[in-house]
Amino acid sequence: MTTKKINRRGFLRTSTMIGMGTAMGLTGFPLMTHSQTRQSAILGGKRSFSGTWPGWPVIGTPEEQELLKVLHSGKWCRLGSPTAPRFEGEFSRMTGSGHALATSSGTTALLTMLGALDIGPGDEVILPPYTFIATYNVIVHNYALPIFVDTDIESFQIDAAKIESAITDNTRVLMPVHIGGSPYNVDEVMKIAGKYNLPVVEDACQAHFAEWKGKCVGNFGLGGAFSFQASKNLNSGEGGAIITNDEAFHRKCYSFHHQGQGSDSASLEPGTGTRGSNLRLTEFQAAILLAQMTRIPEQIKKRSENAAYLTELLSQIPGITPAKLYPGVTRSAYHLYMFRYNKEAFAGMDRSKFVNALNAEGIPCSTGYTSLPQDPYIRNLAKNKHYLKIYGEKRMKQWLEQISCPVNDKLCGEALWFTQTMLLGNKSDMEMIAEAIRKISRDAKAINNL
Ligand SMILES: Cc1ncc(COP(=O)(O)O)c(C=O)c1O
């Protein structure tokens, strides 16, 4: 028997007509049949989620008041002004760290720490491949060599068991990332760092107030970097911060982010390093952050409760595997809700088709990062004239061969994300997400044939 293939538009038209013909009520208005309400939206059924997801950012009177205070003070730069120091005090209190330093972005927070450590040509820095490009860029900005360590597919985090074999005599820093806002295996990373006496710069740009064994991330290494870019759980459009419990390191970071000068006042006094830049946060950004921070405890609670509930629901669906949290994680920031999709459990439906079907249900979903070691932007480093001059052709060829991360490649083909703002919705919204996926799973064959 041959079945005639119908395209998506044809299918929708046919299914709508069938629905109209069979479900005309006594009043003459078409009624939804039971099967139609339970059918996937991409096949013509009712959307699982027809409301609106929480907007971002959340703003109100506190933001207005703090911003106006700065505006009317006429003090818009942090030098000699009160707002950035007030923010630093509050951020340091909330993260339980000895010192905080506000920076112009998460990227410049990382750059500042590498600058304070005087990282440069010939140095190797270890990083995970499952991260935002900024983690890589700050290393290359210093003409150091980025060394990727493959991913633990279960957690999406750096595979700590593979770090040690990547360490060489040239390794200067370990720069793991708490990706998605969930802590990597902090104990394992710190054990290796201790064994080789290497500083750890934590990329906590997505992990505001995430905790490992009850302590905020960013406190375990020499320093931790945070981003306040617009999508982040704490947001001032752009912005960043460093936290550290090492006073001398804090001073070095201050100096680097302030043109290499030593003073925290408006004057320029000699610093202790030999390099620097202007990477300062403005008073306006600090004002917004202070106001936004009053909303943090409630938002943390909501995200944590919703994420736990979503995990409970999604774990029951074959082919959907939420990212594992290590036993030491006492709180994820859930900047991203990350999970893996196994197409075999969905009648072989490609991930992109699954995303389309989910979008049709009113559920936004992203496929996340593509594999950094496969990215031409990164692979072209092997041809960069400065790198060839510093490291030589043989080393750069070897580097290109070494950067492959097969587990990460596999993960990048299976990963899916929901954003943190969706976790600010209601418990019933989490049920709608699960219901939508269950519907798609039931209809997988038909969707795959569209
Ligand atoms: C893991 C990670 N590192 C670094 C950054 C850089 O932060 P920013 O965008 O504030 O420069 C980001 C921002 O998205 C990030 O997600």
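**Close-ups of a predicted model**

**View 1. The shell around the ligand.** Sorted by class, this shell holds 4 nonpolar, 9 polar and 1 charged residues. Keep in mind that you're looking at a predicted model. In total, 14 residues surround the ligand, and the closest are Ser 105, Gly 106, Thr 107, Cys 205 and Ser 227. Two elements each give two or more residues to the shell: helix H5 (106-116) and helix H6 (133-141).

**View 2. Helix H11 and its buried residues.** Zoom in on H11, which runs through residues 351-360, and you'll find Phe 354, Ala 357 and Leu 358 buried. Look down the helix axis and the buried residues of H11 fall within an arc of 100°, so they line one face of the helix. So what covers them? The cover over the buried residues of H11 includes strand S12 (336-341), along with helix H16 (427-442) and helix H17 (444-448). After H11 comes Gly 362, and its phi is positive, near 90°.

**View 3. Lys 324 in its loop.** Here's Lys 324, sitting in the loop that links strand S10 (320-322) and strand S11 (329-331). Is Lys 324 buried or partly exposed? Lys 324 counts as partly exposed because it has 16 other C-beta atoms within 10 Å, while a buried residue would need 20 or more.

**View 4. Lys 324 and its contacts from elsewhere in the chain.** Leaving out residues up to four places away in sequence, Lys 324 touches Glu 154 and Ser 155. Check out Ile 153 too: Lys 324 and Ile 153 are 171 residues apart along the chain, yet their C-alpha atoms are separated by 8.9 Å.

Conventions. Residues are numbered from 1 along each chain as its sequence is written. This is a predicted model: local features need pLDDT of at least 70, side-chain atom pairs count only at pLDDT 80 or more; totals for chains, interfaces and linings use all residues. A residue is buried if 20 or more other C-beta atoms lie within 10 Å of its own, exposed if 12 or fewer, and partly exposed in between; C-beta atoms are placed from the backbone. Helices (H or I, at least four residues) and strands (E, at least two) are DSSP runs, numbered from the N terminus. The arc is that of the directions from the helix axis to the C-beta atoms. Two residues are in contact if their C-beta atoms, placed from the backbone, lie within 7 Å. A residue is near a molecule or strand if its C-beta atom, placed from the backbone, lies within 6 Å of it. Ala, Val, Leu, Ile, Met, Phe, Trp, Tyr, Cys and Pro count as nonpolar, Asp, Glu, Lys and Arg as charged, and the others, Gly among them, as polar.
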